[in-house]
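Here are my notes on this model, point by point. Have the structure open while you read.

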Amino acid sequence: MTRTEFMEALQRALSGTLGSSTVNGHMRYYQEYFDLQLGMGKSEEEIVAELGNPRLLAKTIIEAAKREGMGAGAPEYDEVYEDGTVETGARNGVKQFRMPVWLMMVIVFTVIVVIVGVVGSVVSAMLPVLIPILCVIMLVRLFQRK
């Protein structure tokens with residue numbers, strides 16, 4: 001098998017499962033790998049023999065992408081809708097939800113009102129105790145000065 005045949009088989013095996021940017025990244029990696037190994041004096045046949053079956057290699061890459069999908073770097077795929085539109089880079093079928101700015105402002109305002117209400121309730125509950133204590137402290141200081 002030649003380099004071209006290997007790269008075509010690898011691309012065919014990866015294209016149906018991973019997103020185009022992910023496939024292109026892997027294809028660039030193996031192009032560079034071939035260039036490096038050829039520069040070190042190896043033949044295309046030796047490099048292909050070292051890499052093995054391109055479909056098995058693709059299966060390994062896809063499985064690694066699936067495992068990685070459980071963490072931060074989820075595998076990408078191109079999602080095609082019935083109307084023909086394409087969404088590139090969808091992650092594990094999970095759609096991203098963007099909260100509208102007005103809703104975010106309402107939530108922030110509500111949280112602030114609740115915090116002010118709780119603090120106000122605590123202060124108003126403690127005022128009957130705090131006012132006499134503050135009066136006594138002021139009187140003691142007043143008499144200490146004289």
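1. Let's start with a side chain: is Lys-66 buried, partly exposed or exposed? At 49% relative accessibility, Lys-66 counts as partly exposed; the scheme calls a residue buried under 20% relative accessible area, exposed over 50% and partly exposed in between, using a 1.4 Å probe and protein chains only.

2. Some housekeeping before going on. This is a predicted model, so local features need pLDDT of at least 70 and side-chain atom pairs count only at pLDDT 80 or more, while totals for chains, interfaces and linings use all residues. Residues are numbered from 1 along each chain as its sequence is written, and side-chain values use heavy atoms, with hydrogens and water left out.

3. The overall layout: the protein has 5 helices and 2 strands, in the order α-α-α-α-β-β-α from the N terminus. Helices (H or I, at least four residues) and strands (E, at least two) are DSSP runs, numbered from the N terminus. Of the 146 residues, 19% are buried. Taking contacts (heavy atoms within 4.5 Å) with a separation of 6 or more, 45% are between residues 24 or more positions apart.

4. Now the largest nonpolar core, which has 17 residues. A core here is a set of buried Ala, Val, Leu, Ile, Met, Phe, Trp, Tyr and Cys residues joined through side-chain atoms within 4.5 Å. The members touching the most others are Phe-6, Leu-10, Leu-14, Leu-18, Tyr-30 and Phe-34. At least two residues come from each of H1 (3-15), H2 (20-39), H3 (44-51) and H4 (54-68), and H4 gives the largest share, with 5.

5. Leaving aside neighbours within four places in sequence, Phe-6 is in contact with Met-1, Phe-34, Val-48, Leu-51, Gly-52, Pro-54 and Leu-57.

6. Next, the charged pairs. Side chains of opposite charge can pair when their charged atoms come close. The structure holds 3 salt bridges, each being a side-chain nitrogen of Lys or Arg within 4 Å of a carboxyl oxygen of Asp or Glu. One of them joins Asp-35 to Arg-3, with the closest N and O atoms 2.6 Å apart. That pair links distant parts of the chain, since Asp-35 is in helix H2 and Arg-3 in helix H1, 32 residues apart. Asp-35 is partly exposed at 45%, whereas Arg-3 is buried at 14%.

7. Stay on Arg-3 for a moment. Leaving aside neighbours within four places in sequence, Arg-3 is in contact with Gln-31, Phe-34, Asp-35, Leu-38, Glu-44 and Val-48. Gln-31, in helix H2, has a side chain joined to that of Arg-3 by a polar contact of 2.8 Å. A polar contact is a pair of N or O atoms within 3.5 Å; within protein, one must be able to donate a hydrogen and the other to accept it, and residues adjacent in sequence count only if both atoms are side-chain atoms. Gln-31 also contacts Met-7, and is partly exposed at 32%. Gln-31 and Thr-4 are 27 residues apart in sequence, with their C-alpha atoms 9.7 Å apart.

8. Lys-42 has two partners worth checking. Glu-50 forms a salt bridge with Lys-42, the closest N and O atoms being 2.5 Å apart, and the side chain of Gln-37 makes a polar contact of 3.1 Å with the side chain of Lys-42. Gln-37 sits in helix H2 and is buried at 8%, while Glu-50 at 43% counts as partly exposed and so does Lys-42 at 27%. Beyond four places in sequence, Gln-37 is in contact with Lys-42, Ile-47 and Glu-50.

9. Back to Lys-66. Glu-63 forms a salt bridge with Lys-66, at 3.8 Å between the closest N and O atoms. Why are the two separated by about one helical turn? Because they are 3 residues apart in helix H4. Glu-63 is partly exposed, at 34%.
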